[in-house]
Amino acid sequence: VNIGAGAMRLHNAGGYSGSNLRGVQEYVTLRLGWDFEDSPFGVELSGLLAPNMQRSVSGNDHRNSLYGFAFEGVYHLFDRYAEFDPFVAVGVGVYGSDSTWMNGDDDAFVVQAGLGFNWHFAENFALRGDARYHVATDDEYIAFTTADVGLTWYMGDRSNGAGNVAPLAED
């Protein structure tokens with residue numbers, strides 16, 4: 001389980017009725033993941049909420065929310081139990097808004113890819129950093145970048161986890 005906060009940069013989200021989401025916006029994210037035993041692979045389901053997006057319509061500023069869900073495959077580049085654990089992630093998601101914001105629609109199907117790391121500072125806890133690039137699959141070019149930092153709590157047995165010491169040999 002990972003809870004994080006970050007900032008997103010909308011590269012192009014305009015088009016409908018002169019609306020345009022712009023700038024760097026804050027958001028929160030929640031991730032639930034599963035690492036496959038004895039494998040560098042894992043999967044994650046994530047949710048994102050940017051509750052206070054700035055939006056300009058015909059020169060007037062408004063606020064609205066951006067939200068979405070994504071499913072990603074994760075590949076740990078080295079030992080996922082090491083103190084520093086970098087990874088790559090690729091996935092798909094659905095993101096929407098409480099008002100029209102992308103090409104006249106209020107939601108979009110996206111593909112996303114990025115990098116991240118876990119710094120395991122205790123057996124069941126890690127500091128996590130993530131960066132993703134998201135691109136909509138429809139005809140319009142709509143893309144945004146996210147970067148966040150959060151705290152991860154690992155449930156269950158982490159017998160190979162960071163901070164563990166091999167048992168002493170018996171004489």
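**Note on the cavity and the fold**

1. The largest cavity has a volume of about 100 Å³. A cavity is a set of points, on a 1 Å grid over the protein atoms alone, where a 1.4 Å probe fits but cannot get out. Its volume is the space filled by probe spheres set on the points, which are joined across faces, edges and corners. The count comes to one cavity of 30 Å³ or more.

2. This is a predicted model: local features need pLDDT of at least 70, side-chain atom pairs count only at pLDDT 80 or more, and totals for chains, interfaces and linings use all residues. Residues are numbered from 1 along each chain as its sequence is written, and side-chain values use heavy atoms, with hydrogens and water left out.

3. β3 (24–35), β4 (41–57), β5 (60–76), β8 (125–136) and β9 (143–153) each give at least two residues. The chain has nine strands and zero helices. Strands are DSSP runs of E, at least two residues; helices are runs of H or I, at least four.

4. Now the chain overall. Of its 171 residues, 42% are buried, meaning under 20% relative accessible area (1.4 Å probe, protein chains only). Take contacts (heavy atoms within 4.5 Å). Among those between residues at least 6 apart in sequence, 54% join residues at least 24 apart.

Conventions
Buried < 20%, exposed > 50% of the residue type's maximum accessible area, 1.4 Å probe, protein only. 1 Å grid on protein atoms, 1.4 Å probe; cavity = no way out; pocket = protein on both sides within 12 Å on 5 of 7 lines; lining within 4 Å.
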